[in-house]
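I opened my notebook to look up a few helix pairs and some backbone angles. Here is what I wrote down, entry by entry.

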Amino acid sequence: MNPNALFVDPPAWSLAVGTLGRGLIVLSAISFLATTVLGFTERLRVQRWAFHIGSFSIVGAFLCLLSLSVTGQFHFGYVWEHTMKDLELQYRISAVWAGQEGSFLLWALMSTACAWFARRRTAQYEGAFLAICAAILGSLAGILAFESPFRLIEPLNGVLRMPLDGRGLSPALLNYWMVIHPPTIFLGFGALIVPFALATAALIKRNLNDWVPIVRPWALFGLTFNGLGLCMGGFWAYEMLNWGGFWMWDPVENTSFVPWVTMVAFIHAIFVQIARKKWHLSTALLGAVPFMCFCYGTFLTRSGFLGDTSVHSFAQMDRSALWILVGIAGFAIFGFLALWTVRLIAARKSPDTEAKPIESFPLNRTSGYATAIWLLIAFGVITAFGMSVPMIMSLRGVQPKMVEEHLYHSVLSWFFPPFMLALALFPMVTWRGMRGRDLLVKVNQLLAVSIFITGMLLVGLNSDRVWIPFPMDRTVEMSWGQNVPALPFVLFLTWLCVFALVTNLAAAAALWKRARPSIGGLITHFGFAMTLLGLIFSRGFEQKAETLVHPDIPGEAFGYRLAYLDAPYQFTDRHNKMRVLVRGNGEEFEANPGLYFMPPNEPGGDPNPVVWPAIRRHPFWDLILIVYPMDFQASNPTTFAKGDLRAHQQITLTYKGYTSNGEIGPGAHFIAEFEFQGLDGEPKIVKPELKLVLGGAEPVMARLDDVYELRLDAVMAETGDAVATLFYINPAYPVEVFYKPLTILVWLGVGLMTFGGLMSARYRKGSVGPTSGRDTGEEDRSGNDESGESNVQSKESDEVQPTTQI
């Protein structure tokens, strides 16, 4: 075949679009650099125009890449690598962010959008805010200049030609979550630039009061979309990657989790600063930490240190681009910490003497927030260390390895109970505080309700009317190496979640009439506890079964019978789905798990199977079926002594002995004799054979019936024993079946978390501008903090004392 037949001349317009995209990247870098430099002057209007030019250049570059990907301009290396002609439109769009270059462009786009919209309300911080954002965005544009998605492929014989097709997306990315998950989570990542830039600007301006009401809606916005993106990734894994769960502590999952958990800590610090006029420097530090963590995680992901330990890790970056990324992370981490340290030393030398409210009892809202923040920081630090282990191993010259899921669970489980108790109890505590016995009186009825609900769940676990009964002998390995019964341990974790659910629901109900705008935080708490309840219950009480499905022999699992349905399967078609009739437990349905094969990685290799599960959703449980590639082998090689009887399914084999022809060596012929008894109950003699040839042995299969045939693998001349293996004539399919109770709570909880977060951000978006009285919480329309307690009334009744703003 003529190689030129596989190429055509590229359209002239596409080359112009590629040139425009490259030019816009350069223009954005120059404009953002000018914005940063102008930050040292008083020319704010010019600085704004420079920022606008850089921002719209990033948008234009993204649109250029989108047009090239959608129209299949395969002479651009990035387009050829990630799309192909027969991809549906949604996947040609999502190919834009499928690779390293495109994901950097998506990060730059979302960060630019968030900074552009946030700029309009930054008031006195605008100049510094724009300079800091532009420094980061200009660096991202610099990365894109080296890791360009507009790079052309190598010319063919000195002439640029366009391939007729591209390589396309990997199978795991051909999923609707690929269309919505990356833009959602990168919108959350992009929003991280706003708290970081505002916190830095507040330190530069030496004004740690007025930035808080400006940043709060953006912190809530970023937290909501970061959390929603995390959960979307979990749903994707649940439906596509066959993990049997939503979360596996993959290093790249952790790269998203650590910024999210530190952002939660930041938001709770905001509440304390607004309501109690304290923690100013701590709040600024916590505002910058999420962006720092994301930069560090991005370095881990893109540097190549993760190797093959993650299903998400990208190829190693261009060295120049990697150094720019290191510069962003270094600027964010070390530059901010240096500035923060200077302000801390200054604050120590000149303590603030402004009167602050004090708490009457140690058990108060401030101590509750402090407890939650420290626990959240502990979650973040432990997870960050775990995701850094592959890098540490690489630096030591050891093959990198991901920290296993059970290790995370064994360590983090120590922090989970106190965190959930704080989530349950402190919304019931006032700012002034209360005695422990008063708190117990306040929650005793809610405690009883939570125990009752947990008891009902236990009853359901032991009743086949609700769920499949849970095996009582299952154990869980604890961090100290001892195994404990799984049932009481998982039920305890379940009760913690239920208790938090009940108390936050009660607090939200109490505020419904008098402070409705302030219940957004409690709705978020409720959704978070519900999500954790679904994760813990579905993972802790999940059950797994393995079976084989054969055209003549159905499989069985959890009281269901699984029957293979024949069809004209196309195993090279990525849309191919198997047909399995599932019957039992009062229902009958057809499951359609996916199975197809991709070409081998190298000539002569085996095709690569791709599978994805079928999920049957019920109100109280999910049933997941995964069909794996066909298998002809029905049994393992089995040794028979003369007279031995072996049973398989509903057949039996009895070994009678063997005969041989010829001398031992090439040409020898062995014939074994078995008595076979099948479903009809009539015994018959079958004789599998084994012929010795140069370099090995050739078996001759003996057909038993329409389902099985028998292969003779070896005979033992000394003992007369024989080794034989049973095979299917038509292939069987191995099937994994997962039974997961209460997964619906994960979906409902995520929805409530998202609704509560957006509701909170909506009611806080008007709280901007330099004020003095508003820092007490009076800027809220209801006069309440996120929990609904009136800050104004609290201030009037509390005693006061001087404190340092730290």
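This is a predicted model: local features need pLDDT of at least 70, side-chain atom pairs count only at pLDDT 80 or more; totals for chains, interfaces and linings use all residues.

**Entry 1: a helix pair**

I looked up the axes of α6 (residues 126–146) and α8 (residues 193–205), and they come within 8 Å and cross at roughly 130°. An angle over 145 degrees would count as roughly antiparallel, and 65 to 115 as roughly perpendicular.

Next I listed who makes the contact. On the α6 side I found Ala128, Phe129, Ile132, Cys133, Ile136 and Leu137. On the α8 side I wrote down Ile193, Val194, Phe196, Ala197, Leu198, Thr200, Ala201 and Ile204. Sorted by class, this contact has 13 nonpolar residues, one polar residue and no charged ones.

**Entry 2: another helix pair**

I then turned to α11 (residues 280–303) and α12 (residues 319–349), whose axes come within 9 Å and cross at roughly 160°. With over 145 degrees as the cut-off, α11 is roughly antiparallel to α12. The crossing of α11 and α12 is left-handed. Their contact divides into 20 nonpolar, two polar and two charged residues.

**Entry 3: positive phi**

I went on to the backbone angles, remembering that most residues other than glycine have a negative phi. Asparagine 157 is not a glycine, yet I read a positive phi of about 55° for it. Asparagine 157 sits in the loop between α6 and β2 (162–163).

Is asparagine 157 buried or exposed? Its relative accessible area is 72%, and the cut-off for exposed is over 50%, so asparagine 157 is exposed.

Tryptophan 279 also went on my list, with a positive phi of about 70° although it is not a glycine. I found tryptophan 279 in the loop between α10 (251–276) and α11. Its relative accessibility is 17%; buried means under 20%, so tryptophan 279 counts as buried.

**Entry 4: the whole chain**

Last, I stepped back to the totals. I have 20 helices and 26 strands down for the chain. Of its 806 residues, 56% are buried. Among contacts with a separation of 6 or more, 71% join residues 24 or more positions apart. The accessible surface comes to about 35,100 Å², and carbon and sulfur atoms hold 61% of that.

Note on methods: Residues are numbered from 1 along each chain as its sequence is written. Side-chain values use heavy atoms; hydrogens and water are left out. Axes are lines fitted to C-alpha atoms, for helices over the stretch in contact, and angles run from 0 to 180 degrees between N-to-C directions. Helices (H or I, at least four residues) and strands (E, at least two) are DSSP runs, numbered from the N terminus. Contact means heavy atoms within 4.5 Å. Ala, Val, Leu, Ile, Met, Phe, Trp, Tyr, Cys and Pro count as nonpolar, Asp, Glu, Lys and Arg as charged, and the others, Gly among them, as polar. Buried means under 20% relative accessible area, exposed over 50%, partly exposed in between (1.4 Å probe, protein chains only). Accessible areas come from the Shrake-Rupley method with a 1.4 Å probe; for residues, only the protein chains shown count as cover. Angles under 35 degrees count as roughly parallel, over 145 as roughly antiparallel, 65 to 115 as roughly perpendicular and the rest as oblique. A crossing is left-handed if the near helix is turned anticlockwise from the far one by less than a right angle, and right-handed if clockwise.
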